[in-house]
Amino acid sequence: VGITEDSVVENEEQLRAQVAWVERQFDQPALVEDFLPGQEYTALVLGNGPDREILPGRVGVAGGLYGRHRILRADMRGVGLTKVTSAGGELEAVRDIAGRAAMAMGCLDHVRIDIKTGADGALRIIEVNGIPGLKPHKSWAPQLYTLYHASPQGEDEDYRRLIARIVDSAARRYGLGAER
């Protein structure tokens with residue numbers, strides 16, 4: 001929220017103006033980060049221990065929606081404008097960094113980790129999302145699950161299986177039966 005084309009600044013004057021805008025607009029301090037200009041990836045981390053599975057993907061936006069910079073604004077997320085596809089040649093690197101982040105932060109059952117390529121070509125974690133969206137067809141977690149576990153019955157069935165997997169993971173962690 002609050003990320004616009006003007007969020008990418010080139011000098012101190014622009015930075016001060018953008019920070020002042022954020023503080024006025026949201027009545028709270030601004031978070032200042034390095035701009036990562038490269039491709040965005042996301043990884044769904046499901047389960048715990050030996051049952052943990054990491055499902056990486058590349059985030060894309062329909063042509064013409066980006067402005068001057070490759071920025072996924074809040075108005076693009078969770079409304080069906082983004083699509084997750086194969087992570088391609090970065091699959092193992094995204095899987096590795098997401099797995100290490102989930103382990104370091106003690107994430108359980110269901111988490112999504114967003115990663116972007118910096119100007120130097122290195123992958124950088126931009127967010128560990130402990131409560132990722134689960135809107136069918138639109139949110140990245142269901143898209144990732146279908147990417148890796150597509151069923152002949154379609155995305156609605158994939159979604160039901162994703163939710164069951166999350167619930168079953170938590171139930172096992174608490175020693176509860178996997179009754180449905």
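How many nonpolar, polar and charged residues does the lining of the largest pocket have? By class, 19 of the lining residues are nonpolar, 8 are polar and 11 are charged. The model is predicted.

**Overall fold**

The protein has 4 helices and 5 strands. Read from the N terminus, the order of the elements is α-β-β-β-α-β-β-α-α. Along the principal axes, the C-alpha atoms fill a box of roughly 60 × 35 × 30 Å. The chain has 180 residues, and 38% of them are buried. Taking the contacts between residues at least 6 apart in sequence, 57% join residues at least 24 apart.

**The largest pocket**

The largest pocket holds about 1,300 Å³ of space. It is lined by 38 residues, and the closest to the pocket centre are Val 1, Ile 3, Leu 31, Glu 33 and Ile 71. Two or more lining residues come from each of the elements α1 (12-26), β4 (110-117) and β5 (123-129). Helix α1 gives the largest share of the lining, with 5 residues.

**Helices α3 and α4**

Helix α3 spans residues 140-149 and helix α4 spans residues 155-173. Their axes come within 9 Å and cross at roughly 105°. Angles of 65 to 115 degrees count as roughly perpendicular, and α3 and α4 are therefore roughly perpendicular to each other.

From α3, the contact uses Ala 141, Pro 142, Tyr 145, Thr 146 and His 149. From α4, the residues are Glu 155, Asp 158, Tyr 159, Arg 161, Leu 162 and Arg 165. By class, the residues of this contact comprise 5 nonpolar, 2 polar and 4 charged.

Helix α3 is mostly covered, with 7 of its 10 residues buried. The buried ones are Trp 140, Ala 141, Pro 142, Gln 143, Leu 144, Tyr 145 and Thr 146. What covers them includes α4 together with the strands β1 (40-46), β2 (53-61), β3 (82-85) and β4.

**Single residues**

Two aspartates have positive phi. For Asp 27 phi is near 50°, a positive value in a residue other than glycine. Asp 109, also not a glycine, has a positive phi of about 70°. Asp 27 sits in the loop between α1 and β1, whereas Asp 109 sits in the loop between α2 (91-105) and β4.

Is each residue buried or exposed? Buried means under 20% relative accessible area and exposed means over 50%. At 71%, Asp 27 is therefore exposed. At 8%, Asp 109 is therefore buried.

Met 103 belongs to helix α2. Its relative accessible area is 64%, so Met 103 is exposed. Met 103 lies 55 residues from Asn 48 in sequence, and the C-alpha to C-alpha distance between the two is 9.5 Å.

| Residue | Relative accessible area | Class |
|---|---|---|
| Asp 27 | 71% | exposed |
| Asp 109 | 8% | buried |
| Met 103 | 64% | exposed |

Methods. Residues are numbered from 1 along each chain as its sequence is written. This is a predicted model: local features need pLDDT of at least 70, side-chain atom pairs count only at pLDDT 80 or more; totals for chains, interfaces and linings use all residues. Side-chain values use heavy atoms; hydrogens and water are left out. On a 1 Å grid over the protein atoms alone, a cavity is a set of points where a 1.4 Å probe fits but cannot get out, and a pocket is an open set with protein on both sides within 12 Å along at least five of seven lines; lining residues have an atom within 4 Å of a point. Grid points are joined across faces, edges and corners, and a volume is the space filled by probe spheres set on the points. Ala, Val, Leu, Ile, Met, Phe, Trp, Tyr, Cys and Pro count as nonpolar, Asp, Glu, Lys and Arg as charged, and the others, Gly among them, as polar. Axes are lines fitted to C-alpha atoms, for helices over the stretch in contact, and angles run from 0 to 180 degrees between N-to-C directions. Angles under 35 degrees count as roughly parallel, over 145 as roughly antiparallel, 65 to 115 as roughly perpendicular and the rest as oblique. Contact means heavy atoms within 4.5 Å. Buried means under 20% relative accessible area, exposed over 50%, partly exposed in between (1.4 Å probe, protein chains only).
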